[in-house]
Amino acid sequence: MINSLFLINPSGEIFLEKHWKSVVSRSVCDYFLEAKEKALEPEDVPPVIHTPHHYLISIYRDKLFFLSVIQTEVPPLFVIEFLHRVAEMIQDYFGECSETVVKDHMVMVYELLEEMLDNGFPLATESNVLKEMIRPPTILRSVVNTLTGTSNVGDTLLTGQLSTIPWRRAGVRYTNNEAYFDVVEEIDAILDQSGTTVFAEIQGVVEACVKLSGMPDLTLSFMNPRLLDDVSFHPCVRYKLWESERVLSFIPPDGNFTLMTYHVNAQNLVAIPVYVKQSISFFECGSDGRLDVTVGPKQTMGKTVEGVMVTVHLPKTILSINLTATQGSYTYDNGTKLLVWDIGKLNPQKLPNLRGSLSLQAGAPKPEENPSLNIDLKIQQLAISGLKVNRLDMFGEKYKPFKGVKYITKAGKFQVRT
Amino acid sequence: MTPMQKLLQLPVNAMNMVKTAQDQMGQQDEAKSPVMTPDGGNHNWYNGEPNDPRHIRFGSGGGDQEERAHLEEGGGSLSSLVTQPLRHDDLKEMLDSNKDSLKLEAMKRIVAMIARGKNASDLFPAVVKNVACKNIEVKKLVYVYLVRYAEEQQDLALLSISTFQRGLKDPNQLIRASALRVLSSIRVTIIVPIMMLAIKEAASDMSPYVRKTAAHAIPKLYSLDPEQKDCLIEVIEKLLADKTTLVAGSVVMAFEEVCPERIDLIHKNYRKLCNLLIDVEEWGQVVIINMLTRYARTQFLNPNMNESLLEEGGGEKAFYGSDNDDDTDDEEDKEEKEKKKTEATAIVKRKPYVMDPDHRLLLRNTKPLLQSRNAAVVMAVAQLYFHLAPKAEVGVIAKALVRLMRSHSEVQYVVLQNVATMSIKRRGMFEPYLKSFYIRSTDPTQIKVLKLEVLTNLANETNISTILREFQTYIKSNDKDFVAATIQAIGRCATNIGEVRDTCLNGLVQLLSNRDELVVAESVVVIKKLLQMQPEQHSDIIKHMAKLTDNIQVPMARASILWLIGEYCEHVPKIAPDVLRKMAKTFTNEEDIVKLQIINLAAKLYLTNSKQTKLLTQYVLNLAKYDQNYDIRDRARFIRQLIVPTDKSGALSKYAKKLFLALKPAPVLESPFKDRDHFQLGSLSHLLNAKAGGYQVLPDWPEAAPDPSVRNVEVPEWTKCSSREKRKEKKADKPFYSDSEGESGPTESADSASDTASGSESGSGSEESGSGSESEESNEESESASEEDEEEEGKKKKKNVEKIKARKPVPESESEPSSGEDVKKSEKKSKPRIGSSESESEEDDDSESESSESEEEESEEESEEETKKKKKTTASKPPSKPPKKENKKEKKEMSLLDFDDFDPAPSPSQVTPLNNFLSSSLVTDLEGLSLTDNVLSPTTIIPSGNLKTYELLHRITGEGLSVEYCFSRQPFSPDPHMVAVKIQFTNSATSEAKSLHVEDAKLQSGMRIKEFPEIEVLPAGETISVVMGIDFCDSTQAANFQLCTHTRKFFVSIQPPVGELMMPIFMTENEFKKEQGQLMGMNEITEKLTLEEKCQGEHAVVQRVTTAANLSRVPCGSDKECRFAGKTVTSGSLVLVSVVTKEDGAAQLTVNCEKMVIGTMLVKDIHQALTQ
């Protein structure tokens, strides 16, 4: 299985290594670094690299490369999924996953990795279990540790592995018992030049933050579960009950977790909350072009569209741009040719517009393809698919928890072709 | 450096106190910190920079502090070498100190060094000393260090071994596990025997966690010393039989690494693994599913049989009719099918394809995992379905795979590779999701290319226009690699789909005027391939391309154009010589492939149009003759000999025209993913399209299915018997038991031995033990059946209601007479075994204790989980009265047969339906929590036949509502410290009772009640059972509460007999003795008594005691003594009971209990039970 793990920063420095079997020299990373040099973008580095004696499987996440060394056959997704779990674990423990954070908590990360794999095979990957063995740092604890000289390693031995429910730690106690659920929906869409929808679908995710004492057994039901076409669950959800009754019945892990992800039936027409009127043109003769983009609300279900942002990767031959925005502001990075127009709230009365001229490098031919626009947006208090949580019931505990559901719609991969 | 060294000689402790404090302040402080104590810098260790040597040499800005820090880390550079002893003195001193905090600090720094890849190996002696440190944090870090460096410092590492050996004996399972984990991670060959011993021991440890660790240790040892393989296989075999989900994944992993070829080890565990699968942790699921895929390929028949076979198959075939589809099978399959057709038709005619129930079981049990959040699990299930499922069912995986495509790009990458392979075979599967493969400009190139591949594979007559429109957008992309791939994709679409060939060709020709050379070149190459299919109609295009030779510089494209012109020079007789003329001019400047094509063109023209081109050809050949490249020179010479007629010219020259202008078959544009599915999908080998080390080949389907009965753990006829009556008849059959899987090897062999020896129906002992374990197995097995039941029943309102409903089909199906009986019997399964083994032989005894031990382990670890299960089971228990009577009747028969206290005969038929129910309710209610396999582990089986029912509310006082309760003896799942009370409401009134619930409990202090969920409606004449939990605080005080309906409230009270305040636990004889030894004096109560006449047999004693108190039997070497163990529900205090029988019915009863009051009352109750 997984032999070694290297953490590599974007400049190619290996700043952490962990071996679960015999030590593999870090020179094995050279193959990877070579591939990385070749790739234009970090995302273009092939996830699986074959070297004479090893296989390197890597992920790029949060500006870090997680590179694992494999010696024998193993399902690549197994490794990739595990590496993502490592990244999530670091995020979970320290609030973010970045080079500085890992360097600051080197020993702890190392210990966590030690617990997560045994002989290259995953041992404890549930955050609830890990947290019982190695306590995450908190401000209070770091003060205490300073005074007493102890560290964050749990001084009681773990019990999580042996608790009835592998994903929930035992003996949870809260004074305020609360359970919050965020229904976040993302619209993935491709619109063509004329504004017609080439492809659109809705991806949803139910994020939970459950802080309940004891062993609560929760049941979450939806008003319209038929909408959900395809779902995947946290292991705590009882599959069969979903299949038969379309309710989510589960004993939750403690803290934050993703309860389910879903996909809304493709047959339902997806409401596209905004429309984009654009014209980007380059003149054949002169070395410049024009850009004119207007964004307006379309099907917003009476809610305000916020956080609207338009991102354009302009062609490489653009020399400079000169634009004016009627609302919001735009930034342009001439190095990456990235134009970002941050609009903010969408006002139906006065539609935001960005227009101006683009000048090309002298002599450069007119770009063949117009750049596509990537749209970002956010609508509070609305799940665009119309999904609604019906109720949340709790069994197994006596207290009355605070419950809350929040809906947000966002743009996922929302692209307008021009 | 010397001043520093001096500084280090200072009392380190004092310095460290300061330093530790600073350490925690974080970096910011540190940067500003004015404290320049020699240790002050140490805290930089976790923030080191990679290029420290440079800093050491030049860095002075950070002053002392920074410099020190870098020295601490010591790279391989010269300066660090100088300072190394310095650093180590410091750390060594800290490690040698008495203060844990200093040791911890030192260890942290050392581990940080390891993490950053610095060498810390020469600290080994100082570190290894601390292996026995009491402080758990230090210990952990020392372990981390040992695992890393033990391999390099083998001799010193041996010093630590004894610590681990001690740890292996620790009473705390976690310490045992971690000791084994570290011991097995130390890669030192000399300790192989110690490791082997430790693994063997841990494999039969009580704690499943330790057993899991043992499973993990197996591959470690194997890689260290492959010669241990045989021994390790034994351990694997043993662990494979383990029934806990915790162990299952890890042991299969070990199996895959050590002995993947020993597929025979899986047979007996196949069904168990299938049933456990859903509850195994994610990573284990992946491994198990992949292994089972391979297993199924060797054991079952191909579900996708030939259509012709289908027709012959008749009715039953039609049932699986969907399985048959030709175009989905690969070549080999077809061949195989052909063979089948001819050879096996006769057989097949008689035996139409029916899917093996085990095959079905696997498919059904893996399906829900498509909903897993773990991409690897989803992929594993997808590949299983792809390789194993009938064609019509494979479709379900498409949706899940498409879902994965929204995940991280690495996941997308792997999934798309697999989808590409699948979409060649089963195009229809992904067609509905065509749009999900549309490409965004923001996708990484490798993803774009893969999506393109899938889109191409999915193209057919109906969707081609959509796809081509989409492709048109892609061609405009700025990503030129992607554009090139798109053009090739268009070419493939055009070859595959005749209707659009012209459209595509036109499109491609338009691309020839593209400004980008790469695009044009790629188009030329593709057009060349397309034109080969029907060149006659396309001389225009060829002419157009001839013109392009002036502009295109890409060698491959130029070569393609030249080849085309040469090949079809007859279609363009005027242009061709002119092209050759131009080419001859530039010949020397061309690339090699172009030169070769020029020679080719010249030769072809010479043959067809020698008048115009003779001189040109000779000129070209002359140029080529002196080319630098020997290939070109050779080619020129060869061609000259062949085409130019000379006096010496060989026999071949007259065939030159035939040679050069032969009709060439059009190339087939194939997907690079074609036939990749001979690799197991989802595997690394598949991804690389090359066999990776350790890859296990996915075998082809067998021609004829191997004997399916190898998987039968106990009921060989089970799978074949369609009717339950049949099974019933079989009940007394010998093979029924002989196949049974004992819990441990020895038991099993003993079984079969005795079987053959006795050879008759009444081979009592072995049969019993066989059926004992069988009841467990049949549970797993029956899950499939139970699920069907469930489906039939459709939706259920509430869990409770559901249970009751689910119960219904159970008694209907012939288990009615004695569902209580079989429950009781299986509960007692360990008892008769003891009896039997005693009578059999001494050897049996050993196996006995072993098996009981394993049961006990399970019961311990799962006790909590089981509480859950039991709750469910409780609710499902049939009302106990009628079975009770039956029970007695049966028993009489049994004693006639001299079966001790239990009759194996009705067991198969009766146990099964009940188990059915158990597992089904579990599956529905406790997914993810329960170990389905363990449902029938002894604790869960309660002697329902012995349950006494008490009245809570009489029909008359209750105004038509009568309520009875009994102690179901199941752990109460929401709270294991409560006693489960099953309450049965019967509405004998004429109107329905509404909203039955509990109110206003008046309880003694400390007592608690967990009410049952409100019953909304109880129609007239109906009966309903619910379970409530009461914590009696280990006292026999009554719990008083009000039972309310929508109209009335009734005061009721439940008073438990003392025997119900406990729950059974399992222990071995030795443990029992040990515990008993600790509960002497005040805690022990002994009473002499005379057994009642009817009660003088051993089994009668057992029965009476277990009826009186909820205890479990402890195995015992002597038949004069019966031992029982349990613990009180609330406080968990041990309750040990032993009854020693003497002659003439005299007996001595001993009760040991921490709670004296309970002990006294229990003595009284048992005394009464035994004497009356």
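Tutor: Val205(A) counts as buried because its relative accessible area is 19%; buried means under 20%, exposed over 50%, and partly exposed in between, with a 1.4 Å probe and protein chains only. This is a predicted model, where local features need pLDDT of at least 70, side-chain atom pairs need 80 or more, and totals for chains, interfaces and linings use all residues. Residues are numbered from 1 along each chain as written, chains are lettered from A and ligands numbered from 1 in written order, and side-chain values use heavy atoms, without hydrogens or water.

Student: In which strand does Val205(A) lie?

Tutor: Val205(A) belongs to strand E9 (residues 197-211) of chain A; helices (H or I, at least four residues) and strands (E, at least two) are DSSP runs numbered from the N terminus. The C-alpha atom of Val205(A) is 9.9 Å from that of Phe181(A), 24 residues apart along the chain.

Student: In which sense do strands E14 and E15 of chain A pair, parallel or antiparallel?

Tutor: Strands of a sheet pair through backbone hydrogen bonds, in either sense. Here E14 (residues 274-282) and E15 (residues 288-297) of chain A are antiparallel over nine bridges; pairing requires at least two DSSP bridges. Tyr275(A) faces Gly296(A) of E15(A) across this pair. E15(A) also pairs with strand E20 (residues 353-360) of chain A, antiparallel over seven bridges, and there Arg290(A) is opposite Ser357(A).

Student: What is the order of the five strands in the open sheet of chain B?

Tutor: The order is E1-E2-E3-E7-E5, with antiparallel pairing. E1 (949-953) and E5 (1008-1010) each have a single partner strand, so one side of each lacks a neighbour in the sheet. The twist averages 30 degrees from one strand to the next, taken between N-to-C directions of axes fitted to C-alpha atoms, on a scale from 0 to 180 degrees. Inside the sheet, E2 (residues 961-971) and E3 (residues 979-987) of chain B share eight bridges, with Val963(B) opposite Phe985(B).

Student: Which side chain does a polar contact join to that of His267(B)?

Tutor: The partner is Tyr295(B), at 2.6 Å; a polar contact is a pair of N or O atoms within 3.5 Å, and within protein one must be able to donate a hydrogen and the other to accept it, with sequence-adjacent residues counting only if both atoms are side-chain atoms. His267(B) sits in helix H16 (residues 264-267) of chain B and is buried, because its relative accessibility is 12%.
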